[in-house]
Amino acid sequence: MSNLLKAEFYKLFHSRYFWGIGLFNFLLSSILLLDSYGETANLFLASLYNIPLLYFLTIVFAALFVGNDFEQRTLYSYISAGQERGCVLFVKTLVYEIACFVILAFPLLIHGLAGLLFLGEAVGFTGPVCIRTILIVVCVLAMCMLPLLFSFIFRDIGRTLVVPMVIFFLMIFLMNGEHARLVTSLLPMGQLRLLSLQQPPLSAVRFMVTDFLWIFILYFFAYFGFCRSDLK
Amino acid sequence: MGSVILEAQELTKEYRHAIALDHINLQIEKGKIYGFIGRNGAGKTTFLRLVTGLAFPSGGTLALWGKTGMAKLQEQRKRIGCMIETPALFPAMTAYQNMEVQRIQRGIPDKAIIDKTLEMVGLKDTGRKSVRNFSLGMRQRLGIAIALLNTPEFLILDEPVNGLDPAGIVEVRNLLKSLNKEYGMTILISSHILEELYQTASEFLLIDKGRIIEEISEHELNERCKRHIAIKTADVQKALLVLEEKLGTDHFMLVSDDTIRLYDYLNDVERVAAVLADAHILVTGLSISGDTLEDYFLGKIGGMKYVQSPES
């Protein structure tokens with residue numbers, strides 16, 4: 001499995017999509033600060049506020065990094081070379097999640113540092129910073145699992161892009177609907193928004209359990225979609 | 001049993017509406033080059049996908065080096081190199097980077113193997129050119145290079161010469177033959193270019209409608225596609241009579257386009273020509289020829305309507 005992990009990191013490092021989307025995300029996130037800075041307490045939270053909106057970029061990344069692997073049949077070459085399907089899925093998930101986290105969290109880090117250095121802002125979380133940081137990490141990971149699931153079910157670029165994108169807009173719609181409060185606290189995307197707005201009551205445990213459930217359920221379906229079916 | 005690399009017993013693959021493989025039984029022995037022949041949809045690629053772990057069988061057993069069961073089979077697949085259908089390549093990467101990904105995932109410590117393998121397939125000087133700018137033939141060569149990267153004991157190639165120019169076809173043929181000779185590599189090639197396959201393989205597996213219809217060695221095939229003297233003449237009946245009376249043979253056959261196939265006197269064509277000339281028979285064509293693998297295969301699958309039938 002370590003060889004597979006090394007190979008996937010080599011691919012990620014040489015992926016123009018990763019660097020391109022990462023850079024674009026940083027630029028877009030910085031521009032969106034103009035709007036979100038007024039909604040939140042500081043630059044870091046303003047950047048965090050933008051993450052749910054920038055979720056669509058991880059959907060694009062999933063299509064290009066995972067969906068493309070299926071379309072070019074490169075993922076299959078691992079299996080033909082004797083790698084276990086479960087290992088292939090795990091490694092791909094791990095590297096994809098790390099990549100998504102880097103893409104989404106990089107602006108957060110830069111904006112947070114900028115706020116700290118140039119505006120003299122504190123991180124500004126209510127409650128322990130460590131727990132909030134872990135919450136952000138888990139929320140982002142749970143949020144990015146959805147495109148991954150569809151890439152392993154559809155195994156192409158087109159549907160991996162379109163279906164999660166439709167769900168993305170649906171989630172935004174639901175988060176602004178009648179049961180917004182409930183939906184927002186259940187969806188990782190909404191949880192991030194609540195964290196950025198520091199809206200009470202925020203139960204870290206409930207958030208964490210919900211996110212881990214999302215990760216587990218989506219990974220479970222991806223496993224059965226990939227490990228038990230014939231590949232083209 | 002030690003020399004058997006692959007053994008399929010009653011191997012079956014069913015899809016929702018069709019049976020792709022129908023209780024296949026076959027053995028692939030070490031050190032031989034197998035040609036896998038079949039029409040489109042005959043089940044060749046399905047069989048190769050089962051062997052390489054991309055698909056699961058609906059029934060029967062598959063053994064690689066005597067090992068069966070999903071986990072053990074997967075472990076044995078590390079000894080295989082393959083290219084199924086199209087080469088699996090990262091278009092944005094260079095040839096070297098593509099090879100590097102495969103080298104890392106296979107855990108091959110020696111980086112020099114990449115240059116060596118690229119040189120073997122004639123892709124050493126592609127530099128920083130990304131694969132998306134490669135021609136079809138170059139992609140095919142790279143696919144073969146990836147399959148050869150781990151110096152596999154068993155090499156599986158699906159349409160390896162597809163898109164290659166004539167020189168490339170000869171290079172690949174020579175490469176495969178030398179790998180077989182030097183390393184004792186067992187090779188299974190599926191191809192539609194039967195003439196090419198005939199020149200490369202030593203054993204042939206004929207598949208049709210999901211069933212292996214024949215396993216035949218090169219020697220047996222040559223026997224069956226027997227060489228003969230093809231005599232073309234307008235006066236067929238007289239020629240047949242002369243052949244019987246003057247040459248004392250009835251080992252001939254008349255085929256549909258008034259060509260006589262004479263299976264004797266292959267080393268004495270001049271005498272045949274002289275006898276016919278003495279009898280004042282106008283011969284418009286006289287040459288040594290034989291059935292091709294293509295004719296033989298079409299005959300086997302009942303596709304002879306596309307070619308001249310000796311019996312018709």
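Two strands are taken to pair if DSSP finds at least two bridges between them. Helices (H or I, at least four residues) and strands (E, at least two) are themselves DSSP runs, numbered from the N terminus.

The model is a predicted one, in which local features need pLDDT of at least 70 and side-chain atom pairs count only at pLDDT 80 or more, while totals for chains, interfaces and linings use all residues. Residues are numbered from 1 along each chain as its sequence is written, and chains are lettered from A, and ligands numbered from 1, in the order in which they are written.

I begin with chain B as a whole. Its secondary structure comes to 11 helices and 13 strands, and its C-alpha trace spans about 75 × 45 × 35 Å along the principal axes. Of the 312 residues in chain B, 38% are buried; buried here requires 20 or more other C-beta atoms within 10 Å of the residue's own, with C-beta atoms placed from the backbone. The domain assignment, which is automatic or from a database, gives domain 1 (4–222) and domain 2 (226–290) of chain B. The C-alpha centres of these two domains of chain B lie 44 Å apart.

Next, the sheets. What is the strand order in the open sheet of 6 strands in chain B? The order is β5-β6-β7-β3-β8-β9, and the pairing is mixed. At the edges stand β5 (80–83) and β9 (211–217) of chain B; each has a single partner strand, so one side of each has no neighbour in the sheet. On average, neighbouring strands of this sheet are turned by 15° against each other, direction ignored. Strand β8 (residues 203–208) of chain B runs antiparallel to β9(B), and 6 bridges join them. Within β9(B), Ile216(B) is the residue opposite Phe204(B).

Helix α5 (residues 136–148) of chain B lies across β5 and β6 (154–158) of chain B, at about 165° to β5(B). Such angles run from 0 to 180 degrees between N-to-C directions, and axes are lines fitted to C-alpha atoms, for helices over the stretch in contact.

Chain B has an open sheet of 3 strands as well, in the order β2-β1-β4 with antiparallel pairing. Strand β1 (residues 4–14) of chain B pairs with β4(B) over 5 bridges in the antiparallel sense. Across that pairing, Gln9(B) faces Thr61(B) in β4(B).

Finally, the two chains together. How many residues of chain B are in contact with chain A? There are 25, and they meet 21 residues of chain A, two residues being in contact if their C-beta atoms, placed from the backbone, lie within 7 Å. The largest share of that side of chain B, 7 residues, comes from α3(B).

Helix α1 (residues 2–13) of chain A packs against α3(B) at an angle of about 160°, with the axes 7 Å apart. The helices α1(A) and α3(B) are therefore roughly antiparallel to each other, a description kept for angles over 145 degrees. Among the residues making the contact are Tyr10(A) of α1(A) and Ile104(B) of α3(B).

Notes: A residue is buried if 20 or more other C-beta atoms lie within 10 Å of its own, exposed if 12 or fewer, and partly exposed in between; C-beta atoms are placed from the backbone. Angles under 35 degrees count as roughly parallel, over 145 as roughly antiparallel, 65 to 115 as roughly perpendicular and the rest as oblique.
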